[in-house]
Amino acid sequence: MEQDEMRIAEDLKRFFQVAESGRMLLTLFCYGIGMGTLAPMNAIYMSDSIGLSKGEVVSIFVVSLLLNMGTTITVGLFSDKLRSRKKLVIAAASLCLVGLLIYMRAEGYTQALIGMCVVSAPSGLIMGQLFAISRNHFARLAGDILEMAQIWLRAAYSVGFFCGLLVGANLYLIATFQGVLWGNFTGYAMLVLLLLFYRERVEDKKQASSGASEPFSFIMLIALLLLACADAIRGLYLPLVVKSLFGKPEYMSYIWSTQAVFELLFMTIAGYWAAKYGSRKIILLGGLGALLTYSVYVLHSPLIVFFLIQPIYSFFVSILYGVAMGYVQRMFAGRTGFGASLYVFISLTASLIGYLLPLFIEGYDSSIFIIPLVLVFVSIVIISTVLIRERNSSNLVQTHI
């Protein structure tokens, strides 16, 4: 235990000794604050402030997601040919600022759709290319801590996101939805400002492909997609279910913000466990935590239980957005931009599916969470099957030897 603590301390010291690491950490933290400010209130804003129906809200998310998915994977395919990604990210974030100005002035479906599409279309590009930039940065300057550096940067985004939830809840109480939207606007503006002062390292193919790699596994990508689908359903519908059950939309921001306390710790632990035991086993462990959480949601639990179960779900999310991200990127170790974009594309595809499935359930009832419960169960079965086959294959090889 003491050796593990010493290793973490040494790796953290090494991380902060790398040039520009502090700026990258701050960039993702500020970006997370901006995103978290709006996330739990977005669907409620469309429903309550603009007056859109459930179908209209979902259709806006679907159309904007389709544009986001197309942009993300298209840019991912050619981004590895670019010598510099920073200008691309700055341009995309600037476009998001224009979209937010349209969105916050929306008075009906059409304006909301246009604004949301302009905001969302480049957002997957931003996330994917930020992590492609950071992966190349640490591959060049500190390859020995590359995977943990990626996890800590992802954790910085998550911690910022959950700090943004608290900011969003208080902005809503002080300045209603307009305050929340301006908070989101500030997050994108900070991203642009910090990137302007970031010195990007020109990509070196040999350095960028350094480190461990994973064999390509389409079935594991499907399992991750199912887990991400379950999380997407929770992300969109839990705020609406909480509002329906308990009457106050700001409760959702407080529920999510409790996750920030655990996020950095859990991502760090999960990262080292993945290095020691293998990414797939740790992803399976996270899936079991999600299974327990969705079981609690389905049972119409009281508000206090929603808070108490949050650390367990936080552990699952830490694995899904930390360990799983690195796992997918390592499948394409020689194509940094595509690997990062593919992971974001999987998340966006999951969001699209997750938004559509609950349309078959009327209203905003806890029974919605039967769907993610089933998705997580199927994913656990798939991952368990892969691990069992891998173990049997290893035993067979050893027997022949």
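**Cavity, buried residue and helix pair**

Me: How much space lies in the second largest cavity of this predicted model?
Reply: About 90 Å³ of space lies in the second largest cavity.

Me: What makes that space a cavity, and not a pocket?
Reply: A 1.4 Å probe fits there but cannot get out, so the space is called a cavity. A pocket is an open set.

Me: How many cavities of 30 Å³ or more are there?
Reply: The count comes to three.

Me: Which residues line the second largest cavity?
Reply: R23, M24, T27, L28, L130, I133, S134, L195 and Y198. By class, six are nonpolar, two polar and one charged.

Me: Which helix gives the most to this lining?
Reply: Helix α2, with four residues. Both α2 (21–38) and α7 (123–141) supply at least two residues.

Me: Why does V192 count as buried?
Reply: Its relative accessibility is 13%. Buried means under 20%, so V192 counts as buried.

Me: Where does V192 lie, and what does V192 touch?
Reply: V192 lies in helix α8 (residues 146–196). Leaving out residues up to four places away in sequence, V192 touches I90, A93 and S94. The C-alpha atoms of V192 and K86 are separated by 9.7 Å, though these residues are 106 residues apart along the chain.

Me: How do helix α13 and helix α15 cross?
Reply: The axes of α13 (residues 279–298) and α15 (residues 310–331) come within 8 Å and cross at roughly 145 degrees. The crossing is left-handed. Their contact has 15 nonpolar, six polar and two charged residues.

Conventions. Residues are numbered from 1 along each chain as its sequence is written. This is a predicted model: local features need pLDDT of at least 70, side-chain atom pairs count only at pLDDT 80 or more; totals for chains, interfaces and linings use all residues. Side-chain values use heavy atoms; hydrogens and water are left out. Axes are lines fitted to C-alpha atoms, for helices over the stretch in contact, and angles run from 0 to 180 degrees between N-to-C directions. A crossing is left-handed if the near helix is turned anticlockwise from the far one by less than a right angle, and right-handed if clockwise. Ala, Val, Leu, Ile, Met, Phe, Trp, Tyr, Cys and Pro count as nonpolar, Asp, Glu, Lys and Arg as charged, and the others, Gly among them, as polar. On a 1 Å grid over the protein atoms alone, a cavity is a set of points where a 1.4 Å probe fits but cannot get out, and a pocket is an open set with protein on both sides within 12 Å along at least five of seven lines; lining residues have an atom within 4 Å of a point. Grid points are joined across faces, edges and corners, and a volume is the space filled by probe spheres set on the points. Buried means under 20% relative accessible area, exposed over 50%, partly exposed in between (1.4 Å probe, protein chains only). Contact means heavy atoms within 4.5 Å.
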